[in-house]
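I opened a new notebook page for this structure. I wanted to see how its parts are put together.

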Amino acid sequence: MAERKVKIGVIGVGNMGSGHAMMFSDGRCPEFELVAICDLRQDRLDSVSKSVYEAREKAGIEAAPLKLFTNAEEMLDSGLIEAVTVAVPHYDHPKYVIAAIERGIHVVCEKPAGVYTEAVREMNRVADEHPDVVFAMMFNQRTNHVYRKMKEIISSGELGEIKRVNWIITDWYRPQRYYDSGEWRATWSGEGGGVLLNQCPHQLDLWQWICGMPCKVDAKLHYGKWHNIEVEDDVTAYVEYPNGATGVFITSTGDAPGTNRFEVLLDGGKLVCENNKLFLTKLNVKESEFRNNAPAPFSAPPKAETVEVKGDGLNLQHVGVFNAFAGKLLRGTPLIAEGQEGINGLTISNAMHLSSWTGGPVELPFDEKLYKEELDKRVATSKRRTEVVEQISTVGSK
């Protein structure tokens with residue numbers, strides 16, 4: 001058992017936040033003690049509180065009584081917590097992260113960092129002004145050994161520069177019932193976007209974390225193509241990178257069966273991530289060296305056999321992010337993802353939306369005020385659902 005536990009609270013105990021609460025209560029995050037939860041709905045607070053006590057009893061964990069709040073600021077001002085996780089709808093992520101940081105409370109923000117980069121830029125500015133406060137993003141896919149190995153190989157430079165990137169991530173299939181489960185889901189006013197804001201923030205983060213940020217985005221988005229929703233459920237985007245490399249990103253919640261294939265072509269070979277495995281095909285001579293010295297008109301660079309590349313096998317996901325957060329607070333060890341990095345993937349998704357809305361390519365950095373103006377036009381005509389099918393659990397979901 002940990003000698004000292006960080007007293008933590010949760011803002012928002014819906015689908016994701018309730019999962020966070022359970023991680024702090026069943027022994028998976030032993031350096032945290034959950035002391036408070038907050039939600040606008042009393043029925044959620046009562047339900048999660050009951051589950052927390054049951055989990056503690058089963059795990060044999062002794063902890064202080066759980067305090068319930070319906071106002072986040074009251075919880076942040078209570079003096080009960082030294083850290084908090086924010087798991088509310090996307091628009092309010094920056095609001096509550098800023099509120100926590102300004103009070104000296106360490107914070108983990110669920111993905112995405114926000115809906116539009118202007119708000120996230122302000123959040124990052126506040127974080128920069130409070131360097132003693134630890135700010136982390138819930139980019140749990142960075143814990144996956146496959147993606148970590150991919151980044152390690154590319155960052156090492158052994159395969160040279162990136163030439164082309166393709167990610168088809170269409171195994172996000174969702175039926176209409178999923179969207180009908182929440183009045184805010186898949187609306188401009190409630191969520192601020194569709195598959196790019198809900199399902200793909202992890203992939204957009206991994207994309208830029210592994211391959212770097214593009215400098216130009218040209219995207220085609222379809223809104224409510226497969227579902228009765230306001231926002232995008234089908235996306236095809238083309239990007240360009242500062243070194244001349246190009247990329248394509250395709251995603252949808254309407255494909256069944258779907259695909260998850262991440263392919264990176266470099267000067268010295270190719271990496272393919274699919275089915276949670278990483279494969280490397282290495283050239284014996286880099287293409288840039290072979291190109292002008294080819295021995296015959298139809299010759300190609302000789303390549304080694306394609307091999308599976310294995311990492312350390314670890315894939316700790318949300319628990320890994322929280323335990324790293326505790327490590328940073330208690331021992332100064334690194335986070336999985338610094339909070340200020342949340343703006344990067346959001347910049348790409350905002351650029352995709354703006355390209356779709358304006359009908360042409362968008363250079364990065366883009367006009368953030370124009371983006372907000374265009375978003376506000378859609379928010380103004382947005383309609384929430386009046387009937388909600390059910391409260392759903394994210395346990396076991398993708």
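My entries below go from the sheet to the helices and then to the aromatic rings.

I noted that the model is predicted. I looked up the strand order and found an open sheet of six strands, β3-β2-β1-β4-β5-β6, with parallel pairing. The edges are β3 (67-69) and β6 (135-137), each pairing on one side only. On average, neighbouring strands are turned by 25° against each other, direction ignored. I then checked β2 (residues 32-38), which pairs with β3 over three bridges in the parallel sense. Ala-36 stands opposite Lys-67 in β3.

**Helices.** I found α4 (residues 93-102) lying across β1, β4, β5 and β6, at about 165° to β5. Helix α10 (residues 317-331) also packs on the sheet. I listed its contacts as β1, β2, β4, β5 and β6.

**Rings.** I counted 13 aromatic pairs. One of them joins Phe-32 and Phe-322 edge-to-face, with 6.4 Å centre to centre and 80° between the planes. Phe-32 lies in β2 and Phe-322 in α10, so this pair ties together parts 290 residues apart in sequence.

Next I looked at Tyr-178 and Tyr-179. Their ring centres are 5.0 Å apart and their planes stand at 80°, so I wrote edge-to-face. Tyr-178 is buried at 13% relative accessibility. Arg-174 lies over the face of Tyr-178, 5.1 Å from the ring centre.

Last, I marked one aromatic cluster: Tyr-147, Trp-167, Trp-207, Phe-249 and Phe-262.

How values were computed:
Residues numbered from 1 in each chain as written. Predicted model: local features only at pLDDT ≥ 70, side-chain atom pairs only at ≥ 80, totals over all residues. Heavy atoms only, no water. Pairing = 2+ DSSP bridges. Helix = DSSP H or I, 4+ residues; strand = E, 2+ residues; numbered from the N terminus. Axes fitted to C-alpha atoms, helices over the stretch in contact; angles between N-to-C directions. Contact = heavy atoms within 4.5 Å. Phe/Tyr/Trp six-rings, centres within 6.5 Å; stacked < 30°, edge-to-face > 60°. Buried < 20%, exposed > 50% of the residue type's maximum accessible area, 1.4 Å probe, protein only. Lys NZ or Arg CZ within 6 Å of the ring centre and 35° of its normal.
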